[in-house]
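User: Please take a close look at one part of this model, the aromatic pairs. What are they, and where do they sit?

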Amino acid sequence: MPRTANLWPRSYSLANLRAVARARLAGATVSLNQVKLADSTVRRNALVMEHALVWGSDIGRYAIVGRFASLFLTSLGPYS
C-alpha cells in the first residue's frame, strides 16, 4: 500500500512564526495551531482560526477566516 503524502503546509518555520507574532502584535487573533501566513496582512481585531492557509492576502478588520480555509491573493474587507 503506498504511503499518502500530506501536502498541507504543517511546518513551524521561523518566518511563519514571525508573521503570526506580527499579526498578534497588530491586534489580530491568530491561532498558532497549524496556521500558515505568507506575505499577508492581518488587520486589527481580525480572527484567523486553526489550520488556515493565507498567502498574499489582506484580511480586514473584524474579518473571520474559518478553520481549514485557504486564501490566495485575496482581499477580505472589514466585517466579512
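Analyst: Here is the chain in brief, then the rings.

This is a predicted model, where local features need pLDDT of at least 70, side-chain atom pairs count only at pLDDT 80 or more, and totals for chains, interfaces and linings use all residues. Residues are numbered from 1 along each chain as its sequence is written, and side-chain values use heavy atoms, with hydrogens and water left out.

The protein chain has 1 helix and 9 strands. Both are DSSP runs numbered from the N terminus: helices are H or I with at least four residues, strands E with at least two.

Now the rings. The whole structure holds 2 aromatic pairs. Rings of Phe, Tyr and Trp (its six-membered ring) pair if their centres lie within 6.5 Å; planes under 30 degrees apart count as stacked, over 60 as edge-to-face and the rest as tilted.

Take Trp-55 and Phe-72. Their ring centres are 5.5 Å apart and their planes stand at 85°, so this pair is edge-to-face. Trp-55 lies in strand 5 (residues 53–55) and Phe-72 in strand 8 (residues 70–72), so the pair ties together parts 17 residues apart in sequence. Trp-55 is partly exposed, at 36% relative accessible area. Phe-72 is partly exposed too, at 44%. Buried means under 20%, exposed over 50%, partly exposed in between (1.4 Å probe, protein chains only).

Tyr-62 and Tyr-79 form a stacked pair, 5.1 Å centre to centre with 10° between the planes. Tyr-62 sits in the loop between strand 6 (58–59) and strand 7, and Tyr-79 in the segment after strand 9 (75–76). Tyr-62 is partly exposed at 36%, whereas Tyr-79 is exposed at 66%.
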